[in-house]
Amino acid sequence: MFTKILIANRGEIAVRIIRACREMGIIPVAIYSDADRAALHVRMADEAYYIGPSPAPESYLNIDRILTVAKRCRAEALHPGYGFLSENSDFAEACAISGIKFIGPSPASMALMGWKTKARQQMEKSGVPCVPGNSQALQSPEQAKQIADHIGYPVMLKAAAGGGGKGMRLVSGPQQIQAALEAAQSEALRAFGNGDVYIEKAILNPHHIEVQILADEHGNTIHLGERECSIQRRHQKVLEESPSSFVDADLRQRMGEAAVRVATAANYTNAGTVEFLVDNAKNFYFLEMNTRLQVEHPVTELVTGLDLVRLQIKIAANEKLTVSQSVVQFRGHAIECRVYAEDPDNRYFPSPGKITLLEEPSGPGIRLDTGVYEGWTVPNDYDPLLAKLIGYGENREHAISRLLRALNETFVGGIHTNLSLFRRILNDPAFRAGKIDTGYLDRLLISGVSGENREHEQVAAIAAALFHVLDPTIKEGNKKKSPAGVLDSNWKRASRIVPDSHE
Amino acid sequence: MIYNVSIAGRNSRIALERDGENWKCELDGVQFQLDARPIRPGVISLIVEGAAYEVKRDQLGNQTRLWINNIPFIAEITDPRSLSARSRSAATSTTAKLLASMPGKVLRVMVSAMDQVEVGQALLVIEAMKMQNEIKSPTKGIVEQLITEGTYVNAGDVLAIVK
């Protein structure tokens, strides 16, 4: 087993990996940028090394700097987390050349799966169903139009090098395709350094269901069941659960077997996730494979009782899987809420800043994977994910009630967060009935908010006066600003006409 | 002590008076007892005739938010004599001042100072945490003041003035 692992990441996932290292008696090494000197992962690590300025390309994406640190501190292995360099096969290759074990699949498997068009070609060969589309980079808007005419609108433009919703555009007709293609290409270029975009038929409001697989370096591959990830906004997952209420035992088995086939076809090792789109008739199509640990891995950990990060490290240390498929058992239900620093009243725009007050939930069936603390300033430079709040119960209803209880115990002050969104989702009758697909969240957000606010107005008025007397740490708002009201939209404020009192 | 508190656009008159460990409170003519204990900065435990609340306060930009059962309210303690003065100044102004609603970087500026712009015309793009947000002109007019590309802004900073 390794004695020291460098964690090439930040935030909650770096903290998660540090915890696994400690439990295994391995020394965890953190890296940090200027913005992250006082970050939680740095505070928790045994060793921490500065790797550069705050912008990710100069720090968490800087392969040379990270490998220099890894060699200098004599780390035997490196865990990439998710995002950043986790799916960069050049990085995995560079680790191998430096004699550092990359905790993940081989560079070849990563390159195959990272190139979405090549992955499609390989899966078609292996008999795994794919969404209709092309498996080559688009050369021109004319070519895109031709293919779209052939497979039929609406279509989805996707970055060949991509993932995570970046470089992705839904196109409903030929007149939009040129602008959408240009936007997708430039976004892809910015996000991945490659502007190749391909086209797929858009399956409207499908279920987004993924299967976790684990493969050791001795030829054993198993799956750990599915995660329902249909609750998305702009192709970004917001809430995930396992099991999916849409998946029955038969579908679970067929998807699990397909996922194992996908992994085997790619000579895949370590932890990975095979994403499928599932239509209402329960046909499933291979979407892509994520060659890393997923953000939402905790829901699988809770229903299987397995520690995925621990198993990743063991696999990387060349140990054989001690769990066989027949031993994997699913028990209970788990739901994860991704708590983001973003403003629900302002189109969920990121809202970095200082966390002035933080109260964290605990108690039965609650797990909080966090990367922040009270007093920490959430930097402007990275993903707005603050923490993952995961609820576990004997069934879905139980998990929901525990999460709602935990949300009531949670408070984040000083910045905007999307906590109110989870209260809405978890109380929504359609969600509770399991009626969810990838269009669910947009439908919920259009439906507007109920007027539950009024009952506490008097208490709020009393509290305002009491704070004024008992806790004068904050001065009341600038009296020159607009009169107070219910939380008005920041988006509206951003572009509203403000009377200029100096004129 | 007497306060005029505005919550959700409604004004209330609150009288508070210490009564040993507790408070006597009069809200819009109704009297009751309050038991309020500061827990730590930003948190007060409040019991009003048996009903227990954990009330919290934070500040975002120039707004003070009060949280009751995790529902936010924007609160302002006002002096009633200043209200009429404020509404008069609002009515006479014709200048549109665009303020940043959150910290971020000015990624692109699509217009120049002294340009004529239309309602809804895109003026600039702000990026925060890899998300881009286009800021549009709320009014027709001349761009009189404009932030430069690459500037890092905080909530409340002036991005542009359109007159």
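Biologist: What is the mean pLDDT of chain A?

Modeller: Because the model is predicted, local features need pLDDT of at least 70, side-chain atom pairs count only at pLDDT 80 or more, and totals for chains, interfaces and linings use all residues. Residues are numbered from 1 along each chain as its sequence is written, while chains are lettered from A and ligands numbered from 1 in the order in which they are written. pLDDT is the predictor's confidence in each residue, from 0 to 100. In chain A, 92% of the residues reach 70 or more, and the mean is 91.

Biologist: Over which residues of chain A does pLDDT stay under 50?

Modeller: The model has 64 contacts beyond four places in sequence for this stretch, a contact being two residues whose C-beta atoms, placed from the backbone, lie within 7 Å. The stretch is residues 476–503.

Biologist: Which residue is the bridge partner of A:Ile209 in strand 10 of chain A?

Modeller: Strands (E, at least two residues) and helices (H or I, at least four) are DSSP runs numbered from the N terminus, and two strands pair if DSSP finds at least two bridges between them. Strand 9 (residues 207–215) of chain A runs antiparallel to strand 10 of chain A, with six bridges joining them. The two form a hairpin with five residues between them. The partner of A:Ile209 is A:Glu228.

Biologist: How many residues of strand 10 of chain A are buried?

Modeller: A residue is buried if 20 or more other C-beta atoms lie within 10 Å of its own, exposed if 12 or fewer, and partly exposed in between, with C-beta atoms placed from the backbone. Strand 10 covers residues 221–233 and is mostly covered. Of its 13 residues, the buried ones number ten.

Biologist: Why do the buried residues of helix 12 of chain A line one face of the helix?

Modeller: The buried residues of helix 12 of chain A are A:Ala399, A:Ile400, A:Arg402, A:Leu403, A:Ala406 and A:Leu407. An α-helix has 3.6 residues a turn, so residues three or four places apart point the same way. Seen down the axis of helix 12 of chain A, the buried residues line one face because they fall within an arc (of directions from the helix axis to the C-beta atoms) of 165°.
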